[in-house]
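I opened this notebook to record what I looked up in one structure.

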Amino acid sequence: MAREITGFSNPLVKRVRSLREKKFRKAEGLFLAEGLRILTEAREEGVLPEMLFHAGSTHPLAMDLIAAMEAAGGDVIETTPDILSKISGKDNPQAVVGVYRDRLVPLAKLDRTKADIWIVAQSLRDPGNLGTILRTGDAVGAGGLILIDDCVDPFSVEAVRASMGALFTQSITQARWGEFMTWLRAGPGELIGTSLKATQDYQEPRYHSPSFLLVGNEAQGLPEAYEAECDLLVKMPMLGKADSLNAAVACAVMAYELLNQKRKR
């Protein structure tokens, strides 16, 4: 049954609010997701939150979420719009906020054969880019996103919001470069990087499955040592004054090239 919380000083409100900070997310293994669209996407993937907060919403999707939570014996908390705002950190909070267990998949447990395309991101710093890359992965049917070295937290509120629910359709893995390369070379997989120094146009090669698309840091791109370990280095034509694309945009262009080649086979 649902319970009600109306006090700002309630310990649960303070605990859930703290999940906006990385150190508390890491300590608890939990993260926040907000909004009917994202939480509904999660439910459609068979993932329910451990706690569901709402402010008396009667939207049909909210009612479906509440019913699913109660049927599963989950924790449903009705609260006030002000407290929902405190939890979400937004002046105009979404109708629902969910608390989820983090979704990291160990590298050793990834099944590379389940998808033709995988995205690998190195040292991403922008949560919006990370969320957008997750959406791209979902759109092209990628198996998941492998985060290399020190990337922005994929479970930050900003990254979760930018993913628009793709966080729940894509597996997410974290690894150091050496660990990833050892794993990659232990099985099939072609590592594809983009570089301004490449001489081959991105549409020239015939890519092989599974393809691991490597995306570099927004400001610095890929380290030379990482480029050297790629099976293929390609570049996209830049016909204007800009010398590069946004990391998430470049990822999308490459991911769709991989998808289109596989569709035409």
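I began with the second largest pocket, to whose lining α2 gives the most, with three residues. The model is predicted: local features need pLDDT of at least 70 and side-chain atom pairs pLDDT 80 or more, while totals for chains, interfaces and linings use all residues. Residues are numbered from 1 along each chain as its sequence is written, and side-chain values use heavy atoms, without hydrogens and water.

I noted how the terms are set. On a 1 Å grid over the protein atoms alone, a pocket is an open set of points where a 1.4 Å probe fits, with protein on both sides within 12 Å along at least five of seven lines; lining residues have an atom within 4 Å of a point. Helices (H or I, at least four residues) and strands (E, at least two) are DSSP runs, numbered from the N terminus.

The second largest pocket holds about 330 Å³ of space. I found 16 residues lining this pocket, with Lys 22, Lys 26, Leu 104, Asp 153 and Gln 174 closest to its centre.

I then turned to the largest pocket, which holds about 540 Å³. Its lining has 26 residues, and Thr 194, Leu 196, Gly 221, Ser 244 and Leu 245 lie nearest the centre. β11 (211-215), β12 (232-235) and α10 (247-263) each give two or more residues to this lining.

Lastly, I looked up α3 (residues 36-44), where Leu 36, Ile 38, Leu 39, Thr 40 and Ala 42 are buried, meaning under 20% relative accessible area with a 1.4 Å probe, protein chains only. After α3 comes Gly 46, with a positive phi near 85°.

Definitions and conventions
Buried < 20%, exposed > 50% of the residue type's maximum accessible area, 1.4 Å probe, protein only. Points joined across faces, edges and corners; volume = space filled by probe spheres on them.
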